[in-house]
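Opening the notebook on a new model.

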Amino acid sequence: MRILLLGKNGQIGWELQRTMATLGEITAWDIEDLDLTDEKAIRTGVRKVQPQLIVNAAAYTAVDKAEEEPELAMAINGIAPGILAEEAKKIGAGIIHYSTDYVFDGTKNSPYTEEDEPNPINVYGKTKLEGERNIQNSGAPYFIFRTSWAYGIRGKNFFLKILDLIKDKEFFNVVDDQIGSPTWSRMIAEATAQIVLQCNQGLLNSFDKHKGIYNMTADGYTSWYGFANIIVKKYCLIHSNRFVKINHIKSEDYPSNVARPKNSILSNTKLFNVFGISLPHWEKQLELVFAELIITNKIVK
């Protein structure tokens, strides 16, 4: 299978290069290889590679900055996915795309399902929803995987930010009234590879049969404070001479110009029912991440 992977240096894309390596011939590009704000470049690139599967892990993810750069965020998150899907349709390819819990407003009192009506409350969420709809309207066979609170050992994310704070500070504040499911980017990439493997026989038929939106997050949920608290505890178990105190605060007490959903929990029932895939509990994933950091000497005992 010829696979075109976009966003190869991102949190999910970097992991996808490894989990999908045995599935076919991968052409992996990042921003320096393909400008996702350039429609002509996108179409030319896809036609040059002639992939059987496009995996779009590229995104504008700077939630705060998106409020200041809505056109750029829309170009990358909203318009580019639609162009990729249009080209996929023309050459008979399938497309996989990653979306977010931020397409919802967070006011629901239970986990969001794929059937719930989106209602984004910030620019980032609006652009990601536009990308979903453009893919759906393209006519291409597609999987859209909505994930939540993705993090990894590369790039910029909440997990790495907390590790930096632990090293530099003895006290800091974390919001405790936003809840979600912290999800390791490797788990997302591994689940994606499993699904592609299941579809490998008769790829497009499988995409057509099961195409749609699927939630793909860790099992369980916590608050940002709860997530940070476990990170701190695990770090301090490794470094017994380190003590850090976290203070929990409300969203309105945290300086930000962006509204964020209070409830980001997504139901993974559909993913399990269709593909038999269930991601581990978020705390188990975090244990595996710390083990990875120790093995790679990024955290030294």
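Predicted model: local features only at pLDDT ≥ 70, side-chain atom pairs only at ≥ 80, totals over all residues.

**Cysteines**

I looked up Cys 236 and got a relative accessibility of 16%, so Cys 236 counts as buried; buried means under 20% relative accessible area, exposed over 50%, and partly exposed in between (1.4 Å probe, protein chains only). Cys 199 is buried as well, with a relative accessible area of 2%. My search of the whole structure for disulfides (pairs of cysteine sulfur atoms within 2.5 Å) came back with 0.

**Ground rules**

Residues are numbered from 1 along each chain as its sequence is written, and side-chain values use heavy atoms, with hydrogens and water left out.

**The sheet**

I took helices (H or I, at least four residues) and strands (E, at least two) as DSSP runs, numbered from the N terminus. Strands pair if DSSP finds at least two bridges between them. What is the strand order in the open sheet? I read S2-S1-S3-S4-S5-S10, 6 strands with parallel pairing. Strands S2 (25–29) and S10 (212–215) are at the edges with a single partner strand each, so one side of each has no neighbour in the sheet. The twist averages 20 degrees from one strand to the next; axes are lines fitted to C-alpha atoms, for helices over the stretch in contact, and angles run from 0 to 180 degrees between N-to-C directions.

Strand S1 (residues 2–6) is mostly covered, with 4 of its 5 residues buried. S1 pairs with S2 in the parallel sense over 5 bridges, and Leu 4 stands opposite Thr 27 in S2.

S3 (residues 53–56) and S4 (residues 94–100) are a parallel pair over 4 bridges, where Asn 56 sits opposite His 97 in S4. Helix H7 (residues 185–199) packs on the sheet and touches S3, S4 and S5 (142–147), its direction making about 160 degrees with that of S5. Contact here means heavy atoms within 4.5 Å.

**Ile 96**

Ile 96 lies in strand S4 and is buried, at a relative accessible area of 0%. Skipping neighbours within four places in sequence, I find Ile 96 in contact with residues including Leu 53, Val 55, Phe 143, Thr 192 and Phe 207.

**Cores and helix H6**

A nonpolar core is a set of buried Ala, Val, Leu, Ile, Met, Phe, Trp, Tyr and Cys residues joined through side-chain atoms within 4.5 Å. Which residues have the most contacts inside the largest one? Phe 159 and Leu 163 do, in a core of 59 residues. Helix H9 (residues 224–238) gives the largest share of this core, 9 residues. A second, separate core has 31 residues, among them Leu 36, Ile 54, Val 123 and Ile 135.

In H6 (residues 158–168), the buried residues include Phe 159, Leu 160 and Leu 163. Their cover includes S6 (150–151), S7 (171–175), H9 and H11 (282–295). Asn 157 caps the N-terminal end of H6, with a side-chain oxygen 3.1 Å from the backbone nitrogen of Phe 159.

**Glu 292**

Last stop: Glu 292, placed in helix H11. Not counting residues up to four places away in sequence, Glu 292 touches Ile 153 and Arg 186. The side chains of Glu 292 and Arg 186 are joined by a polar contact of 3.0 Å; the term covers a pair of N or O atoms within 3.5 Å, and within protein one must be able to donate a hydrogen and the other to accept it, with residues adjacent in sequence counting only if both atoms are side-chain atoms.
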